[in-house]
Amino acid sequence: MKKDRLYLLLSLGLLGGYAYIAYSFCNPEAHVTACFFKSVTGIPCPACGNTRSVLAFLRGDLYPALLINPLGVVMAMLMALLPVWIVYDTVAKKETLYYFYHKAEKTIALKPVAIIFALLIVINWIWIIKKGL
Amino acid sequence: MDTQKVDMFLMANAKNFKPQHITYIRERLHQMDDSKWNMIHTLDFKEPSTTLLISIFAGGLGIDRFYIGDTGLGIAKLLTCGGAYIWAIVDWFIISDAAREKNMEKLQQFL
């Protein structure tokens, strides 16, 4: 993927993510289940609880955020880190994020890493289902 | 390379590439030497129709993106539950082309 396209996609995604979090933050009562998977099958998906987790993280409750869904904490950190990184790359005319993205892709594509990663996601998913999110 | 071999390859793989690339592939294959023929045969092309099926059934979990080798996008799709399923639906329409694009990239290293 070309650098500009990646940065554009990331920026759009981040904007969408921020808008969604801001909306959820300002309207705590409006509990909308954004997950189609859950509406259709009744089972929570591996990303279930991400919004609640990020909101808890924003309030400063790190431990509850981890308990709801560890992936939410990962998302929160990504959402905080990526805009800074993109701006840095744009201003300094470098490609550090693009380079890192490709290295990360290659690393995760390696068999042992991919298997460990998939196992972690599955274990997290089972935990989510047991929690009854 | 042999016209016959080139035609054989194209017949078997026409669906795996975008139509506008086929002419270019044909030309380059003709000019290519035979030693690369074996290497091209070992390439693993992902069929757009299979990819589409995967996208329809498991697209919400990003499995379709993982299948065509887009690991980064696959993870992003997984973490956001198919982008609140919006991305999952968008991908139903663009995943076949994405698969063809990836196949072209794989072939490009030899062309």
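Is B:K18 buried or exposed? Select it first. B:K18 is buried, at a relative accessible area of 15%. Here buried means under 20% relative accessible area, exposed over 50%, and partly exposed in between, with a 1.4 Å probe and protein chains only.

This is a predicted model, in which local features need pLDDT of at least 70 and side-chain atom pairs count only at pLDDT 80 or more, while totals for chains, interfaces and linings use all residues. Residues are numbered from 1 along each chain as its sequence is written, chains are lettered from A and ligands numbered from 1 in the order in which they are written, and side-chain values use heavy atoms, with hydrogens and water left out.

**Stop 1: salt bridges**

B:K18 sits in the loop between α1 (3-13) and α2 (19-31) of chain B, and B:E101 in helix α8 of chain B, so the pair ties together parts that are 83 residues apart in sequence. B:E101 is partly exposed, at 31%. A salt bridge here is a side-chain nitrogen of Lys or Arg within 4 Å of a carboxyl oxygen of Asp or Glu. Helices (H or I, at least four residues) and strands (E, at least two) are DSSP runs, numbered from the N terminus.

Next, pick B:D44 and B:K46. Their side chains meet in a salt bridge at 2.8 Å, N to O. B:D44 is partly exposed at 43% relative accessibility; B:K46 is buried at 14%. Then select B:D64, B:R65, B:D70, B:K77, B:D91 and B:K102. Salt bridges that share partners join them into one network.

Move to chain A for A:R59 and A:D61. Their closest N and O atoms are 3.7 Å apart in a salt bridge. A:R59 is exposed at 58%, and A:D61 is partly exposed at 34%. Over all chains, the structure holds eleven salt bridges.

**Stop 2: chain A and its helix α7**

Now select residues 111-131, helix α7 of chain A. At 1.5 Å a residue, its 21 residues should span 30 Å, and its end C-alpha atoms are 30 Å apart, which agrees. The expected span is 1.5 Å times one less than the number of residues.

Which residues of α7(A) are buried? They are A:I121, A:N124 and A:I128. They cover an arc of only 65° around the axis, which puts them on the same side of α7(A). The arc is that of the directions from the helix axis to the C-beta atoms. On the other side, exposed residues include A:K111, A:I116 and A:K130. Bring chain B back: the cover over the buried residues includes α5 (70-92) of chain A together with α6 (71-79) of chain B.

**Stop 3: two positive phi values**

Go to A:K93, in the loop between α5 and α6 (96-109) of chain A. Its phi is near 55°, positive in a residue other than glycine. A:K93 is exposed at 73%. Then jump to B:C81, in helix α7 (residues 81-84) of chain B. B:C81 is not a glycine either, yet its phi is about 60°. B:C81 is buried at 8%.

Note on methods: Contact means heavy atoms within 4.5 Å.
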